[in-house]
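Subject: Structure for your files

Hello,

Here is the structure I said I would pass on. My notes on it follow below.

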Amino acid sequence: MGQEEIMLEGITLGNIDERFDLVRDRIREIPDELTCVNEEKYTYLDFFDVKAQYINKMLDIFGKIESGDISDILGKEINHEMYEDIICDNYNSSYCNPDYAEEKLGIYGKAFSFISAEIAELPGLVFDKKKAEISFLLETFLELYFMFNNRDSITVSSVEDVVRSYAVDYAEYHTIARMQDTFVSGGNLANDIIESADLSDASYLYSYGEYISDTEIKMAEYLASLPQERIDDIAKTFADGFRRGYTVMGVDFTGKKNVQIRYHLGQERIVRSTCEFFSQMGLSPILFRTASSRMVKRGTVRQGYESSYANQQFCYDHRNDNALFLNSDFVERRVNATKRAYEGFKNYDNDGEILDLTSAFAGPAVIETFGEDLFSPVQKGSVPTLTKEQEALERKMFGQLAQVSNEFIPGDSYSFSIIAFPVPDIGDDFEKIFDEVVAINTLDNEKYKAIQQKIIDTLDIADIVRVIGMNGNKTDITVQMRHLENPAKETQFENCTADVNIPLGEVFTSPVLKGTEGVLNVSSTYLNGYNFENIEIYFKDGVVSDYYCSNFLDNDSDSEEGVEKGKRYIKENILFNHEFLPLGEFAIGTNTLAYTMARRYDILQKLPILIVEKTGPHFALGDTCYSHMEDHAVFNPDGKEIVSRENDFSLLRDTEPEKAYFNCHTDITIPYNELGRLYTISPEGDETDIIVEGRFVLPGTESLNEALD
């Protein structure tokens with residue numbers, strides 16, 4: 001079965017070439033038609049005129065890409081023209097801006113702003129030559145144009161019906177096409193760039209069709225200046241970590257063929273070298289464009305290759321656009337389409353070779369970035385919001401999608417690896433910081449393994465662990481430990497070195513929920529793409545009972561409106577619209593070198609979770625680190641089995657699977673300078689200090705303070 005057959009089986013689309021030609025030719029006529037319309041009598045003239053002109057520009061670019069005549073569309077000027085509607089101050093007068101759309105279009109503002117935002121994503125579809133998806137969008141635009149041009153029986157409901165039909169009717173196609181991109185290796189735009197582009201000339205970046213800023217250009221130029229040996233060392237650390245993950249997690253590597261590589265544009269030299277190392281392991285790269293940055297709940301790792309955001313407020317404003325169409329029909333279509341795609345992948349014909357793509361999937365290898373300006377969004381009343389019923393539907397959908405995914409690709413059947421590097425936005429010390437991060441990524445595993453074992457030995461005999469803040473940090477939390485039935489062969493904490501999570505430097509566990517309670521507080525932190533100020537999370541029996549942040553308070557005044565905005569901000573971006581989340585992980589970070597580097601350059605807030613979680617104790621809200629692989633035995637280097645792999649919720653996975661998982665996991669770290677005391681209390685009441693006033697005091701761990709000194 002070929003790629004196109006998997007994608008289209010059972011989905012009737014008609015002749016896409018004919019549909020595309022018809023809609024293209026009709027939209028080309030709109031600007032001339034509108035010059036004859038009395039603007040005073042036609043309130044919506046400007047919207048259709050502006051969008052039709054933009055669409056026609058993108059169709060011209062599409063024609064050149066199809067013909068292979070692309071020399072004059074690859075450059076900064078054309079690239080920024082494709083995104084000019086949402087760049088910087090242009091966004092203030094863009095129909096993509098819900099405030100502006102509401103001001104100009106009134107009750108139809110939300111729907112029109114959604115369509116405008118969909119149109120703003122055309123560059124990716126155009127450069128990937130997604131003719132069907134372009135046709136679906138432009139047909140919807142035309143349908144609205146005809147509706148308002150005729151001005152017959154126009155209501156908010158009729159407009160929203162058009163939007164809903166666009167999203168729901170094509171949900172199956174979009175889902176299967178997306179999965180095709182993320183599980184089939186080779187033969188796409190990114191593969192061509194990685195394999196054959198001249199990476200010494202940063203202009204290759206414009207071939208993606210993504211928004212290209214100075215960030216991507218400077219990153220590519222810097223990496224182009226490094227000797228190949230250094231690039232290979234970086235790539236080898238990354239690839240070796242991925243392969244070592246299979247050994248550490250006890251997963252069979254036999255039959256693995258494909259690996260997803262997720263990266264930031266500008267990192268192509270690292271990716272090219274990484275692909276070569278993976279090839280030596282028998283793995284082919286899957287390279288794919290990140291799905292729309294809108295309407296995708298932003299997590300801690302990227303979902304494909306991507307570039308800098310043209311406008312983060314644009315993404316935030318449209319984060320809940322699915323409120324316009326999220327219903328049970330949409331959920332059913334998306335879940336069923338996902339299952340059908342996986343079933344199709346079981347019999348995929350890879351150039352004459354029958355290949356089970358699900359069992360051949362080796363996992364994702366992710367290169368994260370950090371250093372961008374911290375982003376605190378503006379809250380707007382004009383944006384779509386999910387109803388309580390839709391929040392429940394969304395949770396149900398993500399839960400069912402996770403179940404389907406785990407059915408075909410169980411969590412214990414593959415590995416992963418994540419590494420992070422700074423981007424030039426981090427400041428004048430970018431090159432120094434980059435070098436130090438490379439050094440941090442290659443620390444001595446054996447040294448840290450021995451030190452961390454000292455901490456684990458102390459934690460394993462504890463009844464509870466107490467964590468208390470200092471320097472204004474209000475943290476005061478008690479974490480309940482497990483009783484080990486066989487301490488000689490069992491342990492509660494994983495000894496984490498540089499394999500799946502690079503750099504090394506933490507011990508972590510899934511804590512007992514009952515008896516875990518208190519308040520977690522951090523003065524400032526960057527989570528899931530957003531900045532949080534003075535965040536407080538309260539726990540009762542290991543479950544979030546309340547939360548607070550000061551992002552939206554004026555002059556430090558606890559105004560009721562500001563408090564409520566802060567709570568909504570946390571619920572959307574940390575709790576992901578769950579009414580509560582359990583504490584999925586408790587960990588102690590030991591990478592004092594990373595912490596010292598961050599303090600020296602004043603970039604602690606800008607570090608990604610991947611690194612910052614290693615710079616102090618941290619607590620994760622959501623699922624445990626062993627989500628969907630609780631029954632898979634995992635062992636530490638000393639041979640002891642890590643038995644703390646589940647909690648009261650994941651225990652329901654066989655009887656009530658809809659209650660077992662939350663499909664999110666967000667780490668919140670207390671930096672050493674805000675940590676007053678971390679100590680254990682034994683069943684007999686004896687106290688043992690591990691960290692006091694930000695310094696390791698447990699015997700055998702004192703060398704960790706050398707970096708702090």
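**Helix 4 and helix 5**

Helix 4 and helix 5 are oblique to each other. Their axes, for residues 45–67 and residues 76–83 respectively, come within 10 Å and cross at roughly 140°. The crossing of helix 4 past helix 5 is left-handed. On the helix 4 side the contact is made by Tyr 54, Met 58 and Ile 61, and on the helix 5 side by Ile 78, Glu 81 and Met 82. Sorted by class, that contact has five nonpolar residues, one charged residue and no polar ones. Please keep in mind that this is a predicted model.

**Nonpolar cores**

The largest nonpolar core holds 135 residues, and the members that touch the most others are Tyr 263, Ile 537, Phe 586 and Ile 588. Helix 14, residues 228–249, gives the most to this core, with eight residues. There is also a second, separate core of 93 residues, which includes Leu 105, Leu 125, Leu 137 and Ala 323. As general background, nonpolar side chains in soluble globular proteins tend to be buried together.

Asn 258 lies in strand 1, which covers residues 258–262. Is Asn 258 buried or exposed? Its relative accessible area is 4%, so Asn 258 is buried, the cut-off for that being under 20%. Leaving aside neighbours within four places in sequence, Asn 258 has contacts that include Phe 183, Ser 185, Leu 283, Ser 284 and Ile 286. Further along the chain, Leu 355, Leu 357, Ala 360, Phe 361, Ala 362 and Gly 363 are also among the contacts of Asn 258. Ile 502 is 244 residues from Asn 258 in sequence, and their C-alpha atoms are 21 Å apart.

Thr 182 sits in helix 11, residues 171–183. Thr 182 counts as buried because its relative accessibility is 10%. With neighbours within four places in sequence left aside, Thr 182 is in contact with Gln 260, Ile 286 and Phe 288.

Glu 18 belongs to helix 2, residues 16–28. Its relative accessibility is 52%, so Glu 18 counts as exposed, for which the value must be over 50%. Glu 18 and Ser 135 are 117 residues apart in sequence, while the C-alpha to C-alpha separation is 9.8 Å.

Regards

Key. Residues numbered from 1 in each chain as written. Predicted model: local features only at pLDDT ≥ 70, side-chain atom pairs only at ≥ 80, totals over all residues. Heavy atoms only, no water. Axes fitted to C-alpha atoms, helices over the stretch in contact; angles between N-to-C directions. Helix = DSSP H or I, 4+ residues; strand = E, 2+ residues; numbered from the N terminus. Parallel < 35°, antiparallel > 145°, perpendicular 65-115°, else oblique. Left-handed = near helix turned anticlockwise from the far one by under 90°. Contact = heavy atoms within 4.5 Å. Nonpolar A, V, L, I, M, F, W, Y, C, P; charged D, E, K, R; others polar. Core = buried A, V, L, I, M, F, W, Y, C linked by side-chain atoms within 4.5 Å. Buried < 20%, exposed > 50% of the residue type's maximum accessible area, 1.4 Å probe, protein only.
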